Amino acid sequence: MNEHKEVFILSYGCDLDHSNINFLVKERLMPFSHWHNKKSPNETDICIQYEVFDVNRKKHKQLYYGHKFYINKIRLEAFMYSLSKLKGNHVYANPQVRGHAYALIDKIEYTGRVYESLEDAQILVFIDEESTNTIPLREKLPSLRKELHFLKMPINITFEESDLLVAKWIKSIIKEIK
């Protein structure tokens, strides 16, 4: 059995070019999806997982969640090169680190989605919709300062420090909205 290196790619930003992202996935990855090929091709050595997180909730869709694409290094490089020409950030992320952040502010729970970027050794946090309390924040995010769209934290901080930074960030968003 062929061993595949796991690679996780995350595209994120506000008002991403979903039309071109979808075209790239359809042309460059979808033919190699485990949904289309029930077994991984022998000539590939990389298993790609790809997610897109758009800060603008009206444009955010989870079209590729759960898909695995079996490709080789040349196809990976071509896909990343094409993504680099599009609006947003397109990073390699740790496939083993995806989760949720929680903050309790004035007895209201707020949630965020967490990823680990391998390119700059940072934790990325995005406001998600696990808690309905975050929906009004997500709706306003695109109109706020870009530095509030997501939170970057160093990976080597404690859980307590992380919780404090997430709460401080969410408080900043709430303050900006009011």
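Q: What makes residues such as Glu6 and Arg98 contacts of glutamine 49?
A: In this predicted model, glutamine 49 has heavy atoms within 4.5 Å of theirs, which means contact. Leaving aside neighbours within four places in sequence, the list is Glu6, Val7, Phe8, Ile9, His67, Lys68 and Arg98. Glutamine 49 itself is found in strand β2, residues 46–54.

Q: Why is glutamine 49 called buried?
A: The relative accessible area of glutamine 49 is 14%. Buried means under 20%. Therefore glutamine 49 counts as buried.

Q: Why are cysteine 14 and cysteine 47 both called buried?
A: Cysteine 14 has a relative accessible area of 13%. Cysteine 47 is at 5%. Buried means under 20%, so both count as buried.

Q: How many disulfides does the model have?
A: The count comes to zero. A pair of cysteine sulfur atoms would have to lie within 2.5 Å.

Q: Which residues touch the most other members of the largest nonpolar core?
A: Of its 22 residues, these are Val125, Ile127, Leu137, Val166, Trp169, Ile170 and Ile173. Elements giving two or more residues are β4, β5, β6, β7 and α4. Helix α4 gives the most, with six residues.

Q: What does leucine 137 touch, not counting residues up to four places away in sequence?
A: Leucine 137 touches Tyr110, Ile127, Ile170, Ile173, Ile174 and Ile177. A second, separate core has 21 residues, including Ile21, Phe32, Tyr64 and Leu76.

Technical notes:
Residues are numbered from 1 along each chain as its sequence is written. This is a predicted model: local features need pLDDT of at least 70, side-chain atom pairs count only at pLDDT 80 or more; totals for chains, interfaces and linings use all residues. Side-chain values use heavy atoms; hydrogens and water are left out. Helices (H or I, at least four residues) and strands (E, at least two) are DSSP runs, numbered from the N terminus. Buried means under 20% relative accessible area, exposed over 50%, partly exposed in between (1.4 Å probe, protein chains only). A nonpolar core is a set of buried Ala, Val, Leu, Ile, Met, Phe, Trp, Tyr and Cys residues joined through side-chain atoms within 4.5 Å.
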